[in-house]
Protein chains: 2
Amino acid sequence: MATTTVVSNRRVILKRYVTEFLSEDDMKVVTMEAPPLTVPAGSVAMVVKNLYLSCDPYMRNRMTRHEVPSYIPDFVPGEVLTDNGVMKVMSSGHPDFKAGDLVWGMTGWEEYTLINNPESLTKINHAELPLSYYTGVLGMPGLTAYVGFFEISKPKKGDYVFISAASGAVGQIVGQLAKITGCYVVGSAGSDEKVNLLQTKFSFDDAFNYKKEPYLNVALKRYFPQGIDIYFDNVGGVTLDAVLPNMRLGGRIAACGMISQYNLDCPDGVRNLLYIVTKRLRMEGFLTFDYCSMYSQFEEEMAVYLKEGKIAYIEDVAEGLDAAPTALIGLYTGRNVGKQVVAVSRD
Amino acid sequence: MATTTVVSNRRVILKRYVTEFLSEDDMKVVTMEAPPLTVPAGSVAMVVKNLYLSCDPYMRNRMTRHEVPSYIPDFVPGEVLTDNGVMKVMSSGHPDFKAGDLVWGMTGWEEYTLINNPESLTKINHAELPLSYYTGVLGMPGLTAYVGFFEISKPKKGDYVFISAASGAVGQIVGQLAKITGCYVVGSAGSDEKVNLLQTKFSFDDAFNYKKEPYLNVALKRYFPQGIDIYFDNVGGVTLDAVLPNMRLGGRIAACGMISQYNLDCPDGVRNLLYIVTKRLRMEGFLTFDYCSMYSQFEEEMAVYLKEGKIAYIEDVAEGLDAAPTALIGLYTGRNVGKQVVAVSRD
């Protein structure tokens with residue numbers, strides 16, 4: 001591998017801090033000189049070739065400059081974007097990895113990345129499944145769904161579960177885990193095509209297009225005459241506000257993300273929080289990183305579900321790095337159907 | 001006792017459902033015929049003389065008509081208000097109680113009340129302490145503080161604790177329990193007199209008058225440069241919104257009440273909920289009724305704290321039923337200093 005000659009490295013950089021809706025002008029695809037594809041003797045670093053990159057809603061939050069540091073560093077204008085990806089090891093100074101290994105974890109939005117902390121990466125144990133799944137159902141979004149549902153939402157058989165952005169990377173998995181658990185599951189999404197997927201492919205009990213429901217509060221009453229035990233919140237804002245009066249006593253809200261809010265300079269005001277008191281609700285945020293020790297258990301369980309066809313999974317794959325900025329922006333307009341992935345290289 | 005002749009019974013009734021700020025016109029003090037002071041043979045009911053009545057912020061919520069029933073029934077126009085009180089048993093058909101017993105629990109805002117479910121009442125074990133304390137520090141507000149702090153907020157020694165409406169019935173007790181636990185405690189209140197009480201009488205580490213802080217978010221940064229681990233929320237609204245960015249990772253918000261919101265037709269919009277995701281916060285409502293089994297343990301522990309002077313307690317006592325409506329309204333304007341009580345009769 002060390003004899004491969006690579007002269008250039010395409011990468012996606014942040015052009016400037018973003019304050020409003022993310023646009024193409026905020027990012028740029030540039031060509032840099034490639035890093036040497038062999039690591040120097042004595043280094044524990046690693047050079048990887050990026051195969052698949054994940055597009056995740058939280059990336060928008062990293063493009064805003066935070067006065068108080070968030071749980072993850074802000075992106076810096078001029079520097080390459082980073083997120084989880086699936087990679088092939090080109091050369092490794094780290095004893096746990098060797099050239100040719102397939103791994104997943106944090107990498108750059110570029111063709112080749114020098115990884116200085118290879119211990120942050122995870123080896124792929126099920127290469128017989130599509131490798132891109134490790135950006136989604138077998139990666140961070142899958143673990144997020146698993147942790148957010150089982151650890152945070154504490155489901156019981158028969159619980160009424162509502163999921164927003166339900167056809168997205170996390171939502172589609174939460175819904176199917178809820179069905180496996182014996183819950184009644186309804187999801188919302190932003191197009192009839194997505195609603196149809198939820199009903200047919202992902203076996204939700206019901207689903208609706210929120211853009212066709214002028215009174216979300218009323219729609220939720222119709223779909224949940226008994227009320228909602230678990231709300232898996234991927235969107236925040238007005239949807240959260242409409243859900244609160246429809247929660248049952250002792251209900252749980254897993255605060256996974258608030259995609260409707262990331263592009264707003266002034267977030268929506270949520271007015272129905274008094275229901276947290278009167279209905280004794282628990283609303284809880286969580287960070288999947290805190291549950292990394294559960295990954296192995298999760299990977300094996302999910303691989304079985306996928307092979308047995310108990311969990312279906314849909315990806316929206318953009319081809320090539322040049323398509324990455326548009327793919328990322330599409331998350332916030334709801335353009336993607338299923339988990340958004342960028343295929344940088346297929347080998 | 002059965003020979004006492006009582007011909008009239010003064011009571012406070014709700015005149016109409018309330019939609020805006022509670023006013024004197026929404027309630028009325030009327031004179032009714034008294035109930036017979038002896039219960040009929042064979043009945044398990046009880047007649048009590050009301051000594052002290054509690055004024056609690058949540059009463060306002062019961063004056064609004066709820067389409068979907070809340071956790072406690074709405075008040076009905078024309079009928080007597082009810083809330084917790086301290087009572088003397090006049091006559092009892094229930095085997096667990098006899099004339100002369102001192103009890104606390106749900107009663108009417110009137111001189112004499114017929115209690116059809118005496119098992120809902122609790123005998124007073126520490127009559128050597130002021131009886132009115134059983135409307136507050138030894139009653140429901142005390143148990144609320146105890147449960148909300150220890151069971152919901154899960155405090156650790158050294159935690160940074162912020163309490164709103166901190167000189168109120170619940171807040172003053174939470175703050176002192178937090179000090180006993182070894183926390184750093186700051187409270188907010190609506191007058192310099194109350195702030196002074198927090199600093200001197202209740203031994204808070206610090207306190208401030210929120211009416212003198214034009215930027216609450218900035219004030220909280222000043223009082224908590226390290227951030228807040230536990231927010232005990234009695235007010236909701238803009239205070240909650242200012243607290244959210246100041247919470248520490250993994251912080252807890254005990255949603256005890258939202259007094260700033262009860263009189264608003266359209267509640268404040270809370271915009272900073274994304275911090276629940278990014279800071280992995282848990283916000284949880286609770287109902288003290290759910291923890292009644294902890295009452296005996298609580299009563300004994302609190303009685304010791306009071307006798308040893310480890311917990312100080314301040315009441316604001318209004319004299320006589322005629323003063324009750326004004327006393328209740330005063331809760332929402334912050335007129336009361338300490339727990340608001342109505343003394344109907346002192347023996």
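How many residue pairs are in polar contact between chain A and chain B? The count is eight, with both residues at pLDDT 80 or more; a polar contact is a pair of N or O atoms within 3.5 Å, where within protein one must be able to donate a hydrogen and the other to accept it, and residues adjacent in sequence count only if both atoms are side-chain atoms. This is a predicted model, in which local features need pLDDT of at least 70 and side-chain atom pairs count only at pLDDT 80 or more, while totals for chains, interfaces and linings use all residues. Residues are numbered from 1 along each chain as its sequence is written, chains are lettered from A and ligands numbered from 1 in the order in which they are written, and side-chain values use heavy atoms, with hydrogens and water left out.

**View 1. The interface of chain A and chain B.** Chain A brings 30 residues to the contact and chain B brings 30 residues (contact means heavy atoms within 4.5 Å). About 2,700 Å² is buried between the chains, with carbon and sulfur atoms giving 66%; buried area is the accessible area (1.4 Å probe) that two parts lose on being put together, summed over both. Of the area that chain A buries against chain B, A:Arg271, A:Val277 and A:Arg280 supply 23%, more than any other three residues.

View 2. E13(A) pairs with strand E13 (residues 282-285) of chain B in the antiparallel sense, over three bridges; strands (E, at least two residues) are DSSP runs, numbered from the N terminus, and two of them pair if DSSP finds at least two bridges between them. Look for A:Arg282 opposite B:Glu284 in E13(B).

**View 3. A salt bridge between chains.** The rule finds two salt bridges across this interface (a side-chain nitrogen of Lys or Arg within 4 Å of a carboxyl oxygen of Asp or Glu). In a salt bridge, the side chain of B:Arg280 meets that of A:Asp290 at 2.9 Å, N to O.

Definitions and conventions
Helix = DSSP H or I, 4+ residues; strand = E, 2+ residues; numbered from the N terminus.
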